[in-house]
Amino acid sequence: MDNVYAPLSEACAKTLSDKTYDKRKLASQEVEKMVAEFNNAKNTKQIQKILKVLERDFVTSRDPNKKKGGLIALAGASIGLGKDTELFINELVNPILNCLSDADTKVRYAATESLYNVVKVARSSIIPLFPDIFSALSRLVTDPDQNVKNGSELLDRLLKDIVTESSQTFALDSFIPLLRERIYAKNSFARQFIISWISILNAVPEINMVVFLPEILDGLFQMLEDNMVEIHRMCGTLLAQFLRSIRNDPDSADMPAMTNILIGHAQTSNELIQFTAITWISEFVQLSGPRMMKFASGIFTAILPCLAYEGDSRKQIKEFAQLVNKDMLELVSSKEDKMSNLKNLDLDSVMEVLRQYLGHSSVHTKVAVLKWIHHLFTEIHEEMSIHSVSLFPVLLGVLSDSSDDVVLQGLVVLAEIINSNAANEEFKQTQYRKFLVSLLNLFSEEKSFLENKGSLIIRQLCVLLNAELIYRTFAEIICEETTNIKFASTMVRTLNTILLTASELFDLRNSLKDIRNKKSATLFECLYKCWAHCPVSTLSICLLAQCYQHVSALVVIFGNLEVTVEFLTEIDKLVQLIESPIFASLRLTLISQEKKSSDAYYLAQALFGILMLLPQTDAFLLLKNRLQCVPMYWGHHHEVDATLSVENQSSIDFKVLLEHFQKVQKFHHQQRMIQRKKSIVLWE
């Protein structure tokens with residue numbers, strides 16, 4: 001009968017199938033010797049027959065002992081071939097690879113040991129088979145058996161040495177897909193294996209792994225979420241090396257291809273991943289500049305929420321987010337590259353993101369968003385003009401924010417929109433009116449909004465916009481109010497208090513003090529018609545404008561008005577104001593010794609009239625004490641020349657204004673009567 005194992009002897013084949021390792025080892029040595037002799041004799045056919053027998057009858061057998069014998073014999077054959085192993089590399093390696101996934105732990109270990117010995121002999125000859133070996137090895141490092149795992153680590157180190165030595169012939173293009181496929185492994189040992197391989201390749205001078213970074217960057221960031229601290233250390237070190245390489249040679253990196261990956265990871269809840277991603281984004285913005293503008297909306301989505309972070313744990317994340325925000329702002333305003341930068345900017349997507357984050361809970365985030373919108377309006381007004389209409393209602397909503405910082409920054413943006421759209425004076429007034437009508441609607445809808453934010457908003461608007469135009473426009477709008485006249489009165493009271501007390505309106509107050517000037521006179525008339533909704537406010541503005549004769553006439557009319565608690569409270573506040581620095585000139589008028597000074601006469605008369613209206617409260621005593629300091633010459637009416645007063649030297653028809661005041665107050669009285677009747681009906 002023919003020997004089916006030929007050219008192996010039956011005795012050798014039997015020993016190779018033995019259950020003991022030592023006997024299988026002896027048989028493998030016999031195979032090694034036989035292969036060496038055939039190789040020396042250049043008998044390739046016999047070598048191929050031996051390798052075929054080992055694969056067919058041993059390595060692929062169902063008998064574990066035969067498998068182990070075949071595996072150790074293949075290693076022996078490789079040793080026998082020596083440097084000529086490369087001629088039979090496929091026949092040697094492929095059968096071993098199949099056994100690396102065997103169900104039997106001992107077979108897997110034997111296969112690992114066998115492959116190690118073959119690779120040790122073959123060295124660079126295994127490079128063509130490296131992808132298959134790497135795939136098998138990536139599974140072995142996660143093997144539950146510690147012996148197999150230990151064996152795989154030895155094989156791994158050997159392979160790394162060989163690849164490093166053969167870097168010039170190593171096919172990196174075919175290796176990267178393997179990395180990309182396995183880099184998403186969840187097993188910590190598999191991750192450690194992948195990181196170590198990338199680190200080794202990155203350390204080889206002839207290999208530029210930065211070029212392939214877009215393929216593997218996402219997987220590396222995902223590894224940072226591993227529970228093992230060692231994985232964090234290894235991955236963090238590797239990413240730091242990559243970033244250093246990019247910093248040294250920015251042209252070698254495809255930063256745009258990686259930016260979206262970074263943006264995604266910058267939004268994670270994992271602090272390490274988020275910090276690393278934002279650090280990279282910061283570097284990319286500084287290195288790549290204009291090319292990053294196309295990712296502006298994504299970058300904003302990533303960094304704006306980070307501005308809200310408080311506490312030490314995310315302090316560094318916030319700092320880097322602030323740095324990115326600052327660098328992006330500078331890119332938009334850069335004089336050198338402004339046009340190219342803006343060419344890359346997708347303004348619609350940027351505005352969509354900014355509008356979204358205006359509703360964020362953080363003050364810091366909302367302020368940053370508002371500063372961005374303002375910056376865009378100042379830098380690219382024409383491009384931003386199409387967004388004005390859609391932004392207006394959103395920005396009006398911002399004014400009711402609980403934070404003063406947000407409100408103030410919102411006003412800055414609104415003012416910029418209004419001013420930048422004002423091509424001519426007529427258009428400007430239209431813009432003011434449109435905005436102030438909307439603002440008054442907000443005030444009327446929510447009383448607490450007016451009480452809490454009204455003064456802040458109006459004062460800031462007077463700084464950012466034209467204070468006179470603001471007050472004129474407010475007055476014109478309120479004058480048209482015929483239904484909600486109680487709100488009109490409240491609004492006038494608010495505007496009057498701001499006018500008389502806010503430092504921001506110093507110039508406007510000075511303008512009203514000189515009604516002999518035509519422009520000041522028209523302003524006074526405009527405000528007076530509106531201020532008529534509130535008697536004490538009317539009195540205040542007349543005192544400010546030095547219309548003391550008219551004040552005397554108003555005080556007389558006050559005696560016929562309905563005296564309410566609100567009215568008395570307002571008179572009380574007015575007395576306090578008279579004692580303030582703003583009315584210093586008024587108090588000095590009381591002691592004017594100018595011959596025939598009608599102003600002193602009528603002012604004293606008016607103040608005594610106010611004193612008579614007051615109940616004997618602290619305000620009464622305050623005003624009484626003040627008037628006791630006034631010389632008595634004011635009462636000598638025959639010496640007074642009314643034509644010399646400020647009031648009479650102006651072009652204002654005070655008779656018409658007085659009639660308007662009485663008409664408005666009569667309307668208020670009628671409305672109160674109607675309201676009371678309604679209340680009685682409802683009560684019944």
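Leaving aside its neighbours within four places in sequence, with which residues is Asn325 in contact? In this predicted model, the residues in contact with Asn325 (heavy atoms within 4.5 Å) are Ile303, Ala368 and Trp372. Asn325 belongs to helix α16, residues 315-333; helices (H or I, at least four residues) are DSSP runs numbered from the N terminus. With a relative accessibility of 11%, Asn325 counts as buried, where buried means under 20% relative accessible area, exposed over 50% and partly exposed in between (1.4 Å probe, protein chains only).

Because the model is predicted, local features need pLDDT of at least 70 and side-chain atom pairs count only at pLDDT 80 or more, while totals for chains, interfaces and linings use all residues. Residues are numbered from 1 along each chain as its sequence is written, and side-chain values use heavy atoms, with hydrogens and water left out.

A nonpolar core is a set of buried Ala, Val, Leu, Ile, Met, Phe, Trp, Tyr and Cys residues joined through side-chain atoms within 4.5 Å. The largest such core comprises 243 residues, and Leu220, Trp280, Leu376, Tyr471 and Phe524 have the most contacts inside it. Not counting residues up to four places away in sequence, Phe524 touches residues including Leu512, Ile541, Cys547, Ile652 and Phe654.

In helix α18 (residues 347-357), the buried residues include Leu347, Val350, Met351, Leu354 and Tyr357. Among the elements covering the buried residues of α18 are α15 (296-303), α19 (363-379), α20 (381-384) and α21 (388-398).

The whole structure contains 22 aromatic pairs. Rings of Phe, Tyr and Trp (its six-membered ring) pair if their centres lie within 6.5 Å; planes under 30 degrees apart count as stacked, over 60 as edge-to-face and the rest as tilted. Phe130 and Phe170 form an edge-to-face pair, with 5.1 Å centre to centre and 80 degrees between the planes. Phe130 lies in helix α7 (residues 130-140) and Phe170 in the loop between α8 (146-165) and α9 (172-182), so the pair ties together parts that are 40 residues apart in sequence. Phe130 is buried at a relative accessible area of 1%, and Phe170 is buried at 9%. Ring pairs join Phe130, Phe134, Phe170, Phe175, Phe193 and Trp197 into a cluster.

A charge sits over a ring if NZ of Lys or CZ of Arg is within 6 Å of the ring centre and within 35 degrees of the ring normal. The charged end of Lys149 sits over the ring of Phe189, 3.9 Å from its centre. Arg314 lies over the face of Tyr309, at 4.9 Å from the ring centre.

Notes: Helix = DSSP H or I, 4+ residues; strand = E, 2+ residues; numbered from the N terminus.
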